[in-house]
Amino acid sequence: MEYQEAKEKFISTWGSLGSLWGINKAMAQIQALLFISTQPLSMEDIMEDLKISRGNTSMNLRQLMDWGIVTKVLISGERKEFFTTEKDVQELARIIAKERSRREIRPVIKVLDDVSSIKDDGTEKTKELIKQTKALQSLTQDLDALMSKMVNQKQNWLTKSVMKLMK
């Protein structure tokens, strides 16, 4: 397989996987392109390479920056903005896990806190709702605590955390 074919296959696959992780295809493809690029890329470079519109590129770059995955890079003598992404796979996974916890897990914990603290009116259905939401709340809090421990490990956090779990 030649470079261009391998590059396109990698970006396409990464884009498809993105939808499984809750992000859109273009966003994942932009991150993939930046991930394998040896130099920071301009918005125009990204648009041309991925054949996507300026608006789509701009919106997805903003979202990737909000996630902390993509950063702007200043290049001396250039008027264009350039972008790059975290190149360390372990650090990239750590950033994504931390952000997913903040955006997804913690809001669920808050809702479960609210729901599980309803007034017990003595009915079977209320008792079942309280029981199940407290069980789910406990599991979610445990997962969030585990995620926080793994995220705070920094160096090779994923590998170290999985190895600790397997012992």
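This report covers the fold, the sheet, the salt bridges and one surface patch of a predicted model.

## Basis

The model is predicted, so local features need pLDDT of at least 70, side-chain atom pairs count only at pLDDT 80 or more, and totals for chains, interfaces and linings use all residues. Residues are numbered from 1 along each chain as its sequence is written, and side-chain values use heavy atoms, with hydrogens and water left out.

## Overall fold

The chain has 7 helices and 3 strands. Both kinds of element are DSSP runs, numbered from the N terminus: helices are H or I with at least four residues, strands are E with at least two. Starting at the N terminus, the order is α-α-β-α-α-β-β-α-α-α. The radius of gyration is 21 Å, well over the 15 Å that the globule rule gives for 167 residues, so the chain is more spread out than a compact globule. That radius is taken over C-alpha atoms, and the rule is 2.2 Å times the number of residues to the power 0.38. Along its principal axes, the C-alpha trace spans about 70 × 40 × 35 Å.

Of the 167 residues, 34% count as buried. Buried means under 20% relative accessible area, exposed means over 50%, and partly exposed is in between (1.4 Å probe, protein chains only). The accessible surface of the chain comes to about 11000 Å². Carbon and sulfur atoms hold 56% of that surface. Areas come from the Shrake-Rupley method with a 1.4 Å probe; for residues, only the protein chains shown count as cover. Among contacts with a separation of 6 or more, 53% come from residues 24 or more positions apart. A contact means heavy atoms within 4.5 Å.

## The sheet and Leu41

The 3 strands form an open sheet in the order E1-E3-E2, with antiparallel pairing. E1 and strand E2 (70–73) stand at the edges with a single partner strand each, so one side of each has no neighbour in the sheet. Two strands pair if DSSP finds at least two bridges between them. E1 and strand E3 (residues 82–85) are joined by 2 bridges and run antiparallel. In general, strands of a sheet pair through backbone hydrogen bonds, either parallel or antiparallel.

Leu41 belongs to strand E1 (residues 41–42). Phe83 in E3 stands opposite Leu41. Leu41 is buried, at a relative accessible area of 15%. Neighbours within four places in sequence aside, Leu41 is in contact with Leu33, Leu34, Ile46, Glu81, Phe82 and Phe83. Lys72 is 31 residues from Leu41 along the chain, and their C-alpha atoms are separated by 9.5 Å.

## Salt bridges

The whole structure holds 9 salt bridges. Each is a side-chain nitrogen of Lys or Arg within 4 Å of a carboxyl oxygen of Asp or Glu. One of them joins Asp49 to Lys7, with the closest N and O atoms 2.7 Å apart. Asp49 lies in helix H3 (residues 43–50) and Lys7 in helix H1 (residues 3–20), so the pair ties together parts 42 residues apart in sequence. Lys7 is buried at 12% relative accessible area, whereas Asp49 is partly exposed at 31%.

Glu91 bridges to Arg94, with the closest N and O atoms 3.0 Å apart. Both lie in helix H5 (residues 89–116), 3 residues apart, about one turn of the helix. Glu91 is buried at 18% relative accessible area, and Arg94 is buried at 9%. Another salt bridge links Asp144 and Arg106, with the closest N and O atoms 3.2 Å apart. Asp144 sits in helix H6 and Arg106 in helix H5, so this pair ties together parts 38 residues apart in sequence. Asp144 is buried at 10% relative accessibility; Arg106 is partly exposed, with a relative accessible area of 40%.

## Nonpolar patch

Leu136, Leu139, Leu143 and Leu146 make a nonpolar surface patch of about 340 Å². Patches are made of residues with over 30% relative accessible area and no salt bridge; like charges are joined within 9 Å, and nonpolar side chains (Val, Leu, Ile, Met, Phe, Trp, Tyr) within 5 Å. Leu139 is found in helix H6 (residues 124–151). Leu139 is partly exposed, with a relative accessible area of 46%.
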